[in-house]
Amino acid sequence: MHETRSTVVSVGAAGVAGVAGSFAVAGFTPAFVGAALAAVVARVTPGVVVTAAITTLGDLGKLVNVAAALALAVVLFGALALFAVAVARALDSVVAAPVVTGFGVFAVATLVTGAPLASLGAGVAAGGTLAVSQIAGGRVTGTDEATPEPERRRVLASLAAAAAAVGPGYLLGRSRGPDPNEQTSVDDPIVRRLLDEAAGKSLDVDGLEPLVSDEFYRVDISAAAPTIDPEEWGLTVTGAVDESVELGYDELTAMESEERFATLRCVGEPLNGRKMDTALWTVVPLTDLLDRAGVDGNCCVMLRAADDYYEEFPLAALREGMLAYRMNGEPLPRKHGAPVRALIPGHWGEINVKWLTEIEVLDEPAEGYWEERGWHGTGPVNTVAKLHAVNRDDGVIEVAGHAYAGTRGVSAVEVSTDGGETWEEAALSEQLPGEDVWRQWAYEYESPGTAHEVVVRAREADGTLQPEDRTNSFPSGPTGWVSRELDG
Ligand SMILES: Nc1nc2c(c(=O)[nH]1)N[C@H]1C(S)=C(S)[C@@H](COP(=O)(O)O)O[C@H]1N2
Ligand SMILES: [Mo]
């Protein structure tokens, strides 16, 4: 079947409008067809490719993922529109093409997202765009020999209709983006005092993040964070327990809580990377809940989340774990797992499961999401001293960074300015309360006037020196001393 250019443009426009209609209603949430497809694409992409994307592209990988998903959504909806045009020709019907497009897009979007309301937006926008282009073209079935004028009109009308859907659709969807939670800060004097303490203990070094991170990194398997109404949220403890228990949000927040400083670090980050941050979390320890369920056996647990993420690790680690529902005095932001996430002291970020919904106690080990993709990120973090700030003032060089050793604690950071020949102790920020929190270090020295290599290494609380041998982040997290070549 020969397709005129105007047909291709109009079905393409319908595809674009469909995606825009979905975004208009859903915003960037899992109900948006682009986000849902991005999650599907990420999940079916082989582990080696995902790992290569993480280690080489970093956050750009996410962008590529979303771009691919958007293209896929447009092609999918466009193909549906093309099919609808063919049906309309066969039926020789005026209304068939937009109607079949609308229903088809609605049905497929609902199938992909499980969200009929946002999918309705997709269907209406796609069907509407096709209707506009058909009316403008002055024909419906497209079987006639194309004459230049209606052809042109049809192309222009299609583009205009798609633009009319994309512009307002984008604005509407974006307005749904902001996290309503993020504005409502809780005025708690204990939180205030602890945050002030952290600010006071932070070293005053240009270009060095304070002890409580200004911006907390983010790692997600899905492009769009789930949106969970706290009133609808529930956590179940299931599996090898005497009795399954369920916990609601009001019940959780009525329990006795603690304020805890804790650092998280991603196993997939480069040695001197930026995926390590600290916050003050409002938490409820998990022990009571586990006791209530009556845990049998002593093996492991699988934590499951609303984004279909799952991670398995030893029960012993979970016994030290907590449920966190506030971050720096504000309700846990959506992107960090609202309404409730797990915090497992001293362990790699990946088992700190966000949007937590289920704790299943297992009799036998199993593999989590990242372990199925080759990672070994369920254990304790590696010790690291990072070098992020270099300041120069009149022949004096100041280097600084953060050091973290999980619950083993950091007692010293040592700096070499001659490539590891000789070592000096850096100044350390005072320890914040809590045993799972990083420290800052800073060191000033007279510039040698020539190029030189600065190396940093941390010591744990018991004096253990951070291992020197370099390994990549894959599969068990990066190891080795950070070093940097500096000019004189
Ligand atoms: N449900 C869920 N939890 C998750 C993830 C995820 O993709 N989904 N990512 C994990 C990883 S790999 C890390 S490093 C931390 C990061 O937490 P943050 O995004 O709050 O910094 O969350 C972990 N918890
Ligand atoms: Mo991670």
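Reply: In this predicted model, a nitrogen atom of ligand 1 lies 3.0 Å from a polar backbone atom of Val 219. This is a polar contact, that is, a pair of N or O atoms within 3.5 Å; within protein, one atom must be able to donate a hydrogen and the other to accept it, and residues adjacent in sequence count only if both atoms are side-chain atoms. The backbone of Tyr 217 also takes part: one of its N or O atoms is 2.6 Å from an oxygen atom of ligand 1. His 336 contributes through its side chain, a polar atom of which stands 2.7 Å from an oxygen atom of the ligand. On its own, ligand 1 would expose 530 Å², and the protein buries 99% of that area; such areas come from the Shrake-Rupley method with a 1.4 Å probe, and for residues only the protein chains shown count as cover.

The shell around ligand 1 holds 19 residues, of which Tyr 217, Asp 307, His 336, Arg 341 and Lys 354 are the closest; a residue is included if one of its heavy atoms lies within 4 Å of the ligand.

Two conventions apply throughout. Residues are numbered from 1 along each chain as its sequence is written, while chains are lettered from A and ligands numbered from 1 in the order in which they are written. Local features need pLDDT of at least 70 and side-chain atom pairs count only at pLDDT 80 or more, whereas totals for chains, interfaces and linings use all residues; side-chain values use heavy atoms, with hydrogens and water left out.

The setting may now be widened to the whole protein chain. Its secondary structure comes to twelve helices and 19 strands; these are DSSP runs numbered from the N terminus, helices being H or I of at least four residues and strands E of at least two. The C-alpha atoms fill a box of roughly 85 × 65 × 45 Å along the principal axes. Of the 488 residues in the chain, 53% are buried, where buried means under 20% relative accessible area, exposed over 50%, and partly exposed in between, with a 1.4 Å probe and protein chains only.

One open sheet has five strands in the order 2-1-10-5-6, with mixed pairing; two strands pair if DSSP finds at least two bridges between them. Its edges are strand 2 (245-248) and strand 6 (310-314), each of which pairs on one side only. From one strand to the next the twist averages 15 degrees, the axes being lines fitted to C-alpha atoms (for helices over the stretch in contact), with angles from 0 to 180 degrees between N-to-C directions. A hairpin of five residues leads from strand 1 to strand 2. Strand 1 (residues 234-239) runs antiparallel to strand 2 over four bridges, and Val 237 has Val 245 as its bridge partner there. Towards strand 10 (residues 356-362), strand 1 is parallel, again with four bridges, and Gly 239 is partnered by Val 361.

A second open sheet has four strands, ordered 15-14-18-19, and its pairing is antiparallel. Strand 15 (424-425) and strand 19 form its edges, each pairing on one side only. Strand 18 (residues 452-460) is largely enclosed by the rest of the structure, because seven of its nine residues are buried. Six bridges connect strand 18 with strand 14 (residues 410-416), and Val 413 faces Ala 458. Another five bridges link strand 18 to strand 19 (residues 482-486), where Glu 453 is partnered by Glu 485 and Val 454 by Arg 484.

Two single residues complete the picture. Ser 133 belongs to helix 6 (residues 116-137) and is buried, its relative accessible area being 0%. Its side chain reaches the backbone oxygen of Leu 130 at 2.9 Å. Thr 407, in the loop between strand 13 (396-404) and strand 14, is partly exposed at 43%. Between Thr 407 and Ala 306 there are 101 residues of separation in sequence and 28 Å in space, C-alpha to C-alpha.
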